[in-house]
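The following note is intended for a reader new to this structure. Its points are numbered so that each may be checked against the model.

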Amino acid sequence: MDKIEVVHKIKEIGVVAVIRGNNPEDAVAMSEACIKGGVTAIELAFTTPRAHEAIRELANKYADNPDVVIGAGTVLDAVTARIAILEGAQFVVSPALDVETIKLCNRYRVAVMPGTTTLKDVVTALECGADVVKIFPGEVVGMKAIKAIHGPLPQAPLMPTGGVNVDNAGEWIQLGCVAVGAGGALTGGGKTAAEITETAKKFIAAVKAVRA
């Protein structure tokens, strides 16, 4: 799937599941639960031990499913980004802005989403060719930051992560965000697979309700 199609699919889904597991098996199980609930954009964080194994397994399993996109998260440098891409990651997300990571992803036409909380870095990310700019941590900058950024940069595709939950997901979208990233509110708190699936359904419903 070309990067343009990947970005379009992520925007269409509206929710990216940020998966942090204790091991690859745990990460895959949580990912499957999210996919079952309709959150089919999966960001496997490299804070998970051997995260590349989980990326490889899911990328291979869903290679022929255009509704599922598998990516990598907590990518801090270009080396890690390349590892993720070689394992099949279709998009790369970082909590911070690293220009070399953006360059590498663009070299291989893989969607890239660097993170920042500043207007300056949003501009830099766009100039370097970022596909989406991750606003992180969302709970620190707050929703007012989206309006503030979109004042001078209405064209900036923003995706808040951190502090996003079922109750406010729709509000972020309503403010003009192209998608939201959901971590602990989606998969944390010791949720069972069934509970994760039900929470995923609620996230999708919240986004759809606003867009409707």
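1. Met143 lies in the loop that joins helix H7 (138-141) to helix H8 (144-150); helices are DSSP runs of H or I with at least four residues, strands runs of E with at least two, numbered from the N terminus. The model is a predicted one, in which local features need pLDDT of at least 70, side-chain atom pairs count only at pLDDT 80 or more, and totals for chains, interfaces and linings use all residues. Residues are numbered from 1 along each chain as its sequence is written, and side-chain values use heavy atoms, with hydrogens and water left out.

2. Met143 counts as partly exposed because its relative accessibility is 23% (buried is under 20%, exposed over 50%, partly exposed in between, with a 1.4 Å probe and protein chains only). Leaving aside residues up to four places away in sequence, Met143 touches Asn168, Glu171, Trp172 and Leu175 (contact means heavy atoms within 4.5 Å). The C-alpha atoms of Met143 and Glu171 are 8.4 Å apart, although 28 residues separate the two in sequence.

3. Phe136 sits in the loop between strand S7 (133-135) and H7. With a relative accessible area of 28%, Phe136 is likewise partly exposed. Apart from residues up to four places away in sequence, Phe136 touches Pro95, Thr116, Thr117 and Thr161. Between the C-alpha atoms of Phe136 and Ala96, 40 residues apart along the chain, the separation is 8.0 Å.
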